[in-house]
Amino acid sequence: MQLSKDQGYVARASKVIALTNRHGMKILLSTLGASWISCILPMSAGKRDVLLGSPNMAAQMDQGVYLGATIGRVANRIAHGRFNLAGREYQVTSNQGEHCLHGGRDNFSYRVWKVTQINPYEAIFSLVSEDGDQGFPGELQAEVRYILTDENKVIIDYRTQVSELCPVNLTNHAYFNLAGEDSARTALEHDLQLAATHYLPTDKGGSQQANGVMFLRRFSIFVVKSV
């Protein structure tokens, strides 16, 4: 792959941060996209990475499936790249045909975030998105906090502040395979249950209207089948 001059700079400017708990669980985070790029679990048979990722930052820049990245301003699709808010129509950038996917052509997954590592268990990433960025109104200040607990939990906490009314729906785009990244077994053998109070339906093309956007503030993931 040939990186452009700008892409090459972003890849070189990105940093990787490791969080480790007292049981030997380790996660790797990148300032490129405030991404979660590795999740290594101590198993009886040895260590196992259960998070799908890229082999290096150049490959992370080139992949198009948002591996472990923080995406926004709005996760999922905005149909036709248009939404109405407070009586005004906004046109945002389209990057999946006529639709806006995960915040547009230059969404947050492509940005190098600022980072502060508080301790070996916690790291905070921050980003400022200017008024009009990708067509969205108002300046947005975003913060993503990763916490690795001694109970082998990874907590991701999002905090945002906008200067104008604007749809905001950040999320992490991690892909898991509990059998291990290099396993011949796939995630199709997993069972997943979400305890969510709301969900946002999409049409057959996978798009959604942002009119009256619902924000999913909190959800819990219950069982994934052991492998």
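The report takes up a sheet, a loop residue, the aromatic pairs and the cysteines in turn.

The structure is a predicted model. One of its features is an open sheet of four strands, which follow the order 1-2-3-4 with antiparallel pairing. Strand 1 (16–20) and strand 4 (46–49) stand at the edges, and because each has a single partner strand, one side of each is left without a neighbour in the sheet. From one strand to the next, the twist averages 20°. Strand 1 and strand 2 (residues 26–30) run antiparallel and are joined by five bridges, and within this part of the sheet Ala-18 stands opposite Leu-28, a residue of strand 2.

Between strand 1 and strand 2 lies a loop that holds Asn-21. With a relative accessible area of 5%, Asn-21 is buried, because buried means under 20%. The side chain of Asn-21 reaches the backbone nitrogen of His-23 at 3.0 Å, and a polar contact of 2.7 Å joins the side chain of Asn-21 to that of Asn-152. When residues up to four places away in sequence are not counted, Asn-21 touches Tyr-121, Leu-148, Thr-149, Asp-150 and Asn-152.

Turning to the aromatic rings, a search of the whole structure finds six aromatic pairs. Among them is the tilted pair of Tyr-66 and Tyr-110, with 6.4 Å centre to centre and 45° between the planes. Tyr-66 lies in the loop between helix 2 (57–62) and strand 5 (70–71), whereas Tyr-110 lies in the loop between strand 9 (100–101) and strand 10 (114–119), so the pair ties together parts that are 44 residues apart in sequence. Phe-108 and Trp-113 form an edge-to-face pair, because their ring centres are 6.1 Å apart and their planes stand at 85°, which is over the 60 degrees required.

The table gives the accessibility of the residues in the two pairs described.

| Residue | Relative accessible area | Class |
|---|---|---|
| Tyr-66 | 8% | buried |
| Tyr-110 | 31% | partly exposed |
| Phe-108 | 1% | buried |
| Trp-113 | 2% | buried |

How many disulfides does the model contain? A disulfide is a covalent bond between the sulfur atoms of two cysteines. With a cut-off of 2.5 Å between cysteine sulfur atoms, the count comes to zero disulfides. As for individual cysteines, Cys-39 counts as buried at 4% relative accessibility, and Cys-100 is likewise buried, with a relative accessible area of 1%.

Terms used: Residues numbered from 1 in each chain as written. Predicted model: local features only at pLDDT ≥ 70, side-chain atom pairs only at ≥ 80, totals over all residues. Heavy atoms only, no water. Buried < 20%, exposed > 50% of the residue type's maximum accessible area, 1.4 Å probe, protein only. Pairing = 2+ DSSP bridges. Helix = DSSP H or I, 4+ residues; strand = E, 2+ residues; numbered from the N terminus. Axes fitted to C-alpha atoms, helices over the stretch in contact; angles between N-to-C directions. Polar contact = N/O pair within 3.5 Å; in protein donor to acceptor, adjacent residues only side chain to side chain. Contact = heavy atoms within 4.5 Å. Phe/Tyr/Trp six-rings, centres within 6.5 Å; stacked < 30°, edge-to-face > 60°.
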